[in-house]
Amino acid sequence: MVRRPTEHRRRARRMVAFATAAALVLTLGSAPAQASTYRRRALELVNAARIAHDVDPVRLNVRLSKVAEEHTRKMIREGRLEDVNDLTRVLSPYRWKMGGAIVGCGGSLAQIHRAFLGDEVHRSILLSREARRVGIGVVRVRGKSPCGRNSFWVTEIFYG
């Protein structure tokens, strides 16, 4: 005999599904408009540093930014920073000779950017004279994460 769910059970399942969806939205934070604002701010920080070091600014690649954001969301789901795997494959749609990716998380975009500049490897990628384009993925996590409360997670993929 097959039992049909009662209206009470169906309503409870719908509420659980809604609560799960809402939790994912709150956990992964950034709405599209905010994501583009965060991305724009990260690009401003990158280009200000490049100009201050007499290096040409980079232009944003929107399509690559989507890949960078997917990587950022993956790091958040897994709760850890992780290098971009197979950068050659990620950059294969583009004409490039130089490629590099940097990832980080912290309380503010400025704090993450300062950390990038303070690390020799990250700094060399960010300030590379060969880099001409960048894809940037920024997600703000509201609530707890391994990087603290209400933290930003960032992936920046450079190529030229």
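These legends walk you through close-up views of cavities, pockets and salt bridges in a predicted model. Residues are numbered from 1 along each chain as its sequence is written, and side-chain values use heavy atoms, with hydrogens and water left out. As the model is predicted, local features need pLDDT of at least 70 and side-chain atom pairs count only at pLDDT 80 or more, while totals for chains, interfaces and linings use all residues.

**View 1. The largest cavity and its lining.** A search of the whole structure turns up 1 cavity of 30 Å³ or more. On a 1 Å grid over the protein atoms alone, a cavity is a set of points where a 1.4 Å probe fits but cannot get out, and lining residues have an atom within 4 Å of a point. The largest cavity holds about 50 Å³ of space, the volume being that filled by probe spheres set on points joined across faces, edges and corners. Look for Ala42, Leu45, Leu109, Ile112, His113, Phe116, Val154 and Glu156 around the largest cavity. Helix H2 (32–52), helix H5 (109–118) and strand S4 (151–159) each give two or more residues to this lining, and H5 provides the largest share, 4 residues. Helices (H or I, at least four residues) and strands (E, at least two) are DSSP runs, numbered from the N terminus.

**View 2. The largest pocket.** Here you have about 150 Å³ of space. A pocket is an open set of points with protein on both sides within 12 Å along at least five of seven lines. The lining consists of Val67, Glu70, His71, Lys74, Glu82, Val84, Asn85, Arg89 and Val90. Helix H3 (62–78) and helix H4 (87–91) each supply at least two of the lining residues, with the largest share, 4 residues, coming from H3.

**View 3. A salt-bridge network.** Lys74, Glu78, Arg80 and Glu82 are linked by salt bridges, each a side-chain nitrogen of Lys or Arg within 4 Å of a carboxyl oxygen of Asp or Glu. Lys74 meets Glu82 at 2.5 Å, N to O, and Glu78 meets Arg80 at 3.3 Å, N to O. Glu82 is buried at 12% relative accessibility, whereas Lys74 is partly exposed at 27%. Buried means under 20% relative accessible area, exposed over 50% and partly exposed in between (1.4 Å probe, protein chains only).

**View 4. The Arg89 and Asp86 pair.** These side chains form a salt bridge at 3.7 Å, N to O. Arg89 counts as exposed at 53% relative accessibility, and Asp86 is partly exposed at 46%. Arg89 also belongs to the lining of the largest pocket.
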